[in-house]
Amino acid sequence: MSELSLRQVSKSFGTLKVIKDVDLEIEQGAFTVFVGPSGCGKSTLLRMIAGLEDITSGDLEIGGARMNDTDPSKRGIAMVFQSYALYPHMSVRQNMGFALRFAGVPKAQIDRQVMDAARILELEPLLERKPGQLSGGQRQRVAIGRAIVRHPKVFLFDEPLSNLDAELRVHMRIEIAKLHKRLGATVIYVTHDQVEAMTLADKIVVLRAGRIEQTGTPLELYTDPDNQFVAGFIGSPKMNFLPARVAGGGDGQGGPAVTLEDFGVTVPVTGLKNLPAPGTRITVGIRPEKFNEQGDQGLSVAIEMVEHLGSETLVHGRGSGDLITVKYPGISAIDDGRLDARFNAGDLLYFTEGGERIR
Amino acid sequence: MDLYFQRLRGGLVYLFLITAAFLSIFPFLWMVLGATNTSADISRGKFGLGGALFDNIVSFLAFADVPLILWNSLKIALLTTLFTLAVASIAGYGFEIFRSRLRDRLYRVLLLTLMIPFAALMIPLFIMMGKLHLINTHWAVILPSIGSAFIIFYFRQSTKAFPLELRDAARVDGLKEWQIFLLIYVPVMRSTYAAAFVIVFMTAWNNYLWPLIVLQSNDTKTITLVVSSIASAYYPDYGAVMVSAILATLPTLIVFFLMQRQFVQGMLGSVK
Ligand SMILES: Nc1ncnc2c1ncn2[C@@H]1O[C@H](COP(=O)(O)OP(=O)(O)OP(=O)(O)O)[C@@H](O)[C@H]1O
Ligand SMILES: [Mg+2]
């Protein structure tokens, strides 16, 4: 069943349209992540769901009821903010119970719910402290606790981990994943950290300039992106994009092929129904990690820089055009000069000049 | 060599601070010592403890109904402060938080009023108060100072440090706008309030010109008016002047020392 749905939802600030006709269904219990570059409208969309921003047009339903004009506190949502937004003058206990107090919940029940949430998040020893006396990670947990206490239908997170240091971020990421499993709650989570998106999400929604570019599981987006933007956005290091031209029916065997212009290499194409007419300019994408020594094709790359990370080796170099990145697992002896970067023709993705995927 | 210069610099800094401190404390000291001397001794410039404190107090008490005068001053200062803080903080918060087309234009007009000297407002204000039948009442002193553009400005500036996400969190928690203001904004900004309290209270307590104009009968007068009327008598009793001056200074001192910490914090910004 769909817990939350957006239909043709738009948002304008004055004349500036920042959310454009968004359609989205979110299933109950799903962990949905909004990703996209800065300024694409992730926070705005989340705040519209929360009721903190008006919806200019379209419909928002939560739990089957239209919620466009409902007060934020009555939408069955709880939100965790990037800056935590804990009330600095209240103790952890008061912070967590505050919403319930305003909803008129009896005191005994508030206490019970606060204690339950505190137990789940191991906050019991901190209940009487003020937010100012907590570490970043603890504040984060209190902010999550404040959301849990309300038993919302939908949890909204806006970049909740971006103020934490790298180590704590990994730790809290795992905590949030566990919590989601344990509570079975519906979560919408905004981030621009890909690793967070890939590891946490059941479903990723990629946004660009107020529009949904693609929706899918992390692996769908990784293996089968709809367009060049999603292909470039998901995956790290970024996918390499090479200018190419559909070859004139000839790699000698007469099958379809494309010529990678920066390398002067022509590669056979298999399994594409919609390859444009010969001579058309297209873009070919290949992920850095798809290069391997056994590949059936090769690019001759002039090495410009090698990064030895221990677990992997990144080689940056170029043919006659832009820099490309080749990633090999483990430690590699590659250092200087030229590299014969081998890959399988089947691992290439093809995009029109407009960035649409050619399948 | 470096060490030598460092010491020299340190020494100079101390010398400067000591001089500055002495210059600020000297009038105060003079006032306190003067209160213990006879008028004649003070006129001669005697600098030292005398034995006339009691006489001075007596002649000061004879000059005016001191408890009433103090009460008048306190009442006016406290009410002015209370109303000013309420109005200015709501206005400053509103100006900073809520967007509207007219906001910035309105704000500019408000700031422009800071440039109008009080002398230019005195007569129209007096006429206004006359029409309202408020002359010779304390409201005539309190009302004109409530809408203080400067304090509104101060609150708006301080509100820039108020985290907007707190407002969002409170809205999600079910608070209405006025509850957000009272239950979140006010407590979070309390050092801003404390600093504003000190400023407004001191200004109101020390206010002289306007009360002089609108407070006409002896039973409505404030301490500053009494100090000046003793001092401007034909044969001023300087001993009594000093005693009254001490009384006029004390409350602001007390307020400042009580709120010193919050005052400094408020000046640095409420929210860290
Ligand atoms: N109150 C506002 N008034 C006008 N424009 C706004 C307002 N809030 C956001 N915008 C604009 O809407 C667009 C989307 O902003 P939003 O904050 O949703 O981006 P985001 O995807 O969350 O970015 P980030 O990753 O940096 O947080 C931006 O171009 C922003 O400038
Ligand atoms: Mg954002």
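**Exercise 1: The largest cavity**

Helix α5(A) supplies the largest share of the lining of the largest cavity, namely four residues. The model examined here is a predicted one.

Task: State how many cavities of 30 Å³ or more the search finds, and describe the lining of the largest cavity by residue class.

Solution. 

Step 1. The volume of the largest cavity is about 60 Å³.

Step 2. The residues that line the largest cavity are A:Phe31, A:Ile144, A:Phe155, A:Phe157, A:Ile176, A:Leu179, A:His180, A:Leu183, A:Ala185 and A:Val187. The elements of chain A that contribute two or more residues to this lining are β7 (154–158) and α5 (166–183).

Step 3. Sorted by class, the lining contains nine nonpolar residues, one polar residue and no charged residue.

**Exercise 2: Two helices of chain B**

Task: Determine how α4(B) and α10(B) are oriented to each other, and identify which residues meet.

Solution. 

Step 1. In chain B, helix α4 (residues 66–97) packs against helix α10 (residues 177–188) at an angle of about 110°, and their axes lie 12 Å apart.

Step 2. Angles of 65 to 115 degrees count as roughly perpendicular. The helices α4(B) and α10(B) are therefore roughly perpendicular to each other. The crossing of α4(B) past α10(B) is right-handed.

Step 3. From α4(B), the residues B:Ser89, B:Ile90 and B:Tyr93 meet B:Glu177, B:Ile180, B:Phe181 and B:Tyr185 of α10(B). By class, this contact comprises five nonpolar, one polar and one charged residues.

Terms used: Residues are numbered from 1 along each chain as its sequence is written. Chains are lettered from A and ligands numbered from 1 in the order in which they are written. This is a predicted model: local features need pLDDT of at least 70, side-chain atom pairs count only at pLDDT 80 or more; totals for chains, interfaces and linings use all residues. Side-chain values use heavy atoms; hydrogens and water are left out. On a 1 Å grid over the protein atoms alone, a cavity is a set of points where a 1.4 Å probe fits but cannot get out, and a pocket is an open set with protein on both sides within 12 Å along at least five of seven lines; lining residues have an atom within 4 Å of a point. Grid points are joined across faces, edges and corners, and a volume is the space filled by probe spheres set on the points. Ala, Val, Leu, Ile, Met, Phe, Trp, Tyr, Cys and Pro count as nonpolar, Asp, Glu, Lys and Arg as charged, and the others, Gly among them, as polar. Axes are lines fitted to C-alpha atoms, for helices over the stretch in contact, and angles run from 0 to 180 degrees between N-to-C directions. Angles under 35 degrees count as roughly parallel, over 145 as roughly antiparallel, 65 to 115 as roughly perpendicular and the rest as oblique. A crossing is left-handed if the near helix is turned anticlockwise from the far one by less than a right angle, and right-handed if clockwise. Contact means heavy atoms within 4.5 Å.
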